[in-house]
Amino acid sequence: MCEALRRLREEGTVAHVGLGMTCNDEAHQGVPQEIVRLLRQAPRGTFDSALLAGGWNLLSQAGAPCYAECERAGVEVYVAGVFASGLLVGGETYAYLKAPPALVERAQRWRTLAAKHGHSLPAVAIAFAALPRCVSRVVLGMASAEQVEANMAWVAESASVRPALWAEAQATGLLAADVPIPYK
């Protein structure tokens with residue numbers, strides 16, 4: 001399969017070869033180890049990009065091995081699921097299921113930290129998604145003109161999130177000490 005994809009690109013039939021998968025480790029979805037396996041087994045240059053969803057946000061960094069492998073392989077990443085299926089923008093779901101109380105409480109802790117640093121939680125979520133060097137795009141879902149406007153405002157705000165917020169997140173246990181932040 002990989003050889004055929006590379007041949008199609010070389011022939012000009014396709015311009016870009018990407019893969020897309022959920023990279024969290026929730027029981028009902030996500031297999032980050034499969035993404036890593038695919039990237040390692042494919043010859044370098046097979047994939048131009050990877051759309052990775054759900055495994056790199058404020059509530060889950062289960063996809064970190066996928067991001068590290070993409071960086072090693074020179075594959076740019078489009079990160080999706082930055083709002084954790086809505087929990088980080090005031091919704092009640094995480095990974096498309098009703099969020100458990102522990103995650104609701106953790107999202108509230110993030111909201112408090114974001115406010116302490118003068119930011120909205122969605123802007124902090126977008127800033128976090130963009131931290132890894134391999135991330136070239138952050139994918140945000142929207143279903144209305146109002147959501148487009150809100151997302152654009154949060155994107156603009158995300159540019160002003162400073163490293164002090166990430167350091168405090170690690171110091172308070174919101175992020176594990178081994179989460180390498182900031183990347184850039």
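This is a predicted model: local features need pLDDT of at least 70, side-chain atom pairs count only at pLDDT 80 or more; totals for chains, interfaces and linings use all residues.
Two packed helices are described by the angle between their axes and the distance between the axes. Helix α2, spanning residues 32-41, packs against helix α3, spanning residues 64-73, with an angle of about 15° and with the axes 9 Å apart. Angles under 35 degrees count as roughly parallel, and α2 and α3 are therefore roughly parallel to each other. Their crossing is left-handed. On the α2 side the contact is made by Pro32, Ile35, Val36, Leu39 and Arg40, while α3 contributes Pro65, Cys66, Glu69, Cys70 and Arg72. Sorted by class, these residues comprise seven nonpolar and three charged ones, with no polar residue.

| Residue | Relative accessible area | Class |
|---|---|---|
| Arg40 | 57% | exposed |
| Cys66 | 0% | buried |
| Cys70 | 0% | buried |

Arg40 is found in helix α2, and, leaving aside residues up to four places away in sequence, Arg40 touches Glu69 and Arg72. The C-alpha atoms of Arg40 and Glu69 lie 7.6 Å apart in space, although 29 residues separate the two in sequence.

As for the cysteines, a disulfide requires a pair of sulfur atoms within 2.5 Å, and by this rule the count comes to zero disulfides. The cysteine sulfur closest to that of Cys70 belongs to Cys134 and is 5.8 Å away, which is too far for a bond.

Terms used:
Residues are numbered from 1 along each chain as its sequence is written. Side-chain values use heavy atoms; hydrogens and water are left out. Axes are lines fitted to C-alpha atoms, for helices over the stretch in contact, and angles run from 0 to 180 degrees between N-to-C directions. Helices (H or I, at least four residues) and strands (E, at least two) are DSSP runs, numbered from the N terminus. Angles under 35 degrees count as roughly parallel, over 145 as roughly antiparallel, 65 to 115 as roughly perpendicular and the rest as oblique. A crossing is left-handed if the near helix is turned anticlockwise from the far one by less than a right angle, and right-handed if clockwise. Contact means heavy atoms within 4.5 Å. Ala, Val, Leu, Ile, Met, Phe, Trp, Tyr, Cys and Pro count as nonpolar, Asp, Glu, Lys and Arg as charged, and the others, Gly among them, as polar. Buried means under 20% relative accessible area, exposed over 50%, partly exposed in between (1.4 Å probe, protein chains only).
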